[in-house]
Amino acid sequence: MTRTDDGFTLIELLIAVTLSTMLVAALGMGVFTYIRTADATANRLGETPQFQVAATRFAADVQRASSVQLTDPAACSVPAGSTLVVGFSASEAGSDLASVADDVFVGVSYSYRTVATSTQKQFVLERSECRGSSTPVATMSFVNSGNPAFVPTATCGPTGCGALATVSLPLHICTANADGTCRDGDVTATLTGARRF
């Protein structure tokens, strides 16, 4: 009877197991990276409509403003527990366009407040609108997952908040952990508008 050399040697088996392990590890890292990136992308895409609405409203508010307030008191009161970021005052024509006697005062304030839950700490950017008084008749929240380490601050330029000034409000958006740190980095966006008056 003759003996044949069928099968694999121990060295061949060790090389095959090592290469298989490296291949599985590389594939696992690829899948892990895809899942993490997909979650971050989904979170950022979820913010996009909020940015669009906020940017549109902010630009319109700046454009019609006859004055800009960067400190309290704002023309329109901010919700309890919120901090003023920027306020705008304007007047809209009443029913008699030939007279200013029935013009209506309009005030808009942008404010933020910090909200903490068991899983994350975030800030909420709110827009309050007043008509005829300093009491808000409408409040809407735009951004509800902002970076809590970044306090939104509006600026006017190039020469202050007077006529034809540009008003900017930078925002840093992220998914925050309970301690306030960002899970996946933050996205920066700036709300801007140019005054006409």
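User: Which residues have the most contacts inside the largest nonpolar core?
Analyst: Phe58, Val86, Phe88, Leu169 and Leu171 have the most contacts inside this core, which has 22 residues. A nonpolar core here is a set of buried Ala, Val, Leu, Ile, Met, Phe, Trp, Tyr and Cys residues joined through side-chain atoms within 4.5 Å. Buried means under 20% relative accessible area, exposed means over 50%, and partly exposed lies in between, with a 1.4 Å probe and protein chains only.

User: Which elements give two or more residues to the core?
Analyst: They are H1, strand E2 (83-92), strand E3 (104-116), strand E4 (121-131) and strand E7 (166-173). Helices (H or I, at least four residues) and strands (E, at least two) are DSSP runs numbered from the N terminus.

User: Before going on, what kind of model is this, and how are residues numbered?
Analyst: This is a predicted model, in which local features need pLDDT of at least 70 and side-chain atom pairs count only at pLDDT 80 or more, while totals for chains, interfaces and linings use all residues. Residues are numbered from 1 along each chain as its sequence is written, and side-chain values use heavy atoms, with hydrogens and water left out.

User: How many aromatic pairs does a search of the whole structure find?
Analyst: The search finds three. Rings of Phe, Tyr and Trp (its six-membered ring) pair if their centres lie within 6.5 Å; planes under 30 degrees apart count as stacked, over 60 as edge-to-face and the rest as tilted. One of the pairs is Phe58 with Phe88, whose ring centres are 5.7 Å apart and whose planes stand at 75°, so this pair is edge-to-face. Because Phe58 lies in helix H1 and Phe88 in strand E2, the pair ties together parts that are 30 residues apart in sequence.

User: Is Phe88 buried or exposed?
Analyst: Phe88 is buried, with a relative accessible area of 2%. Phe58 counts as buried as well, at 0% relative accessibility.

User: And where does Tyr110 come in?
Analyst: Tyr110 forms an edge-to-face aromatic pair with Phe58, at 5.1 Å centre to centre and 70° between the planes. Tyr110 lies in strand E3 and Phe58 in helix H1, so this pair ties together parts that are 52 residues apart in sequence. Ring pairs link Phe58, Phe88 and Tyr110 into a cluster.

User: Changing topic: how many salt bridges does a search of the whole structure find?
Analyst: The search finds eight. A salt bridge is a side-chain nitrogen of Lys or Arg within 4 Å of a carboxyl oxygen of Asp or Glu. Among them is the one between Glu129 and Arg57, with the closest N and O atoms 3.7 Å apart. Glu129 lies in strand E4 and Arg57 in helix H1, so the pair ties together parts that are 72 residues apart in sequence.

User: Are those two residues, Glu129 and Arg57, buried or partly exposed?
Analyst: Glu129 is buried, with a relative accessible area of 10%, whereas Arg57 counts as partly exposed at 30% relative accessibility.

User: What does Asp61 meet in salt bridges?
Analyst: The side chain of Asp61 meets that of Arg64 at 3.8 Å, N to O, and that of Arg127 at 2.8 Å, N to O. The pair with Arg127 links distant parts of the chain, Arg127 being in strand E4 and Asp61 in helix H1, 66 residues apart. Asp61 is buried, with a relative accessible area of 4%, and Arg127 also counts as buried at 4% relative accessibility.

User: Which residues do shared partners join into one network?
Analyst: Salt bridges that share partners join Arg57, Asp61, Arg64, Glu92, Arg127, Glu129 and Arg131 into one network.

User: Last topic, the surface. Which residues make the nonpolar patch?
Analyst: Ile11, Ile15, Leu19 and Met22 make a nonpolar surface patch of about 430 Å². Patches are made of residues with over 30% relative accessible area and no salt bridge, like charges being joined within 9 Å and nonpolar side chains (Val, Leu, Ile, Met, Phe, Trp, Tyr) within 5 Å. Accessible areas come from the Shrake-Rupley method with a 1.4 Å probe, and for residues only the protein chains shown count as cover. Ile15 is found in helix H1 (residues 10-64) and counts as partly exposed at 49% relative accessibility.
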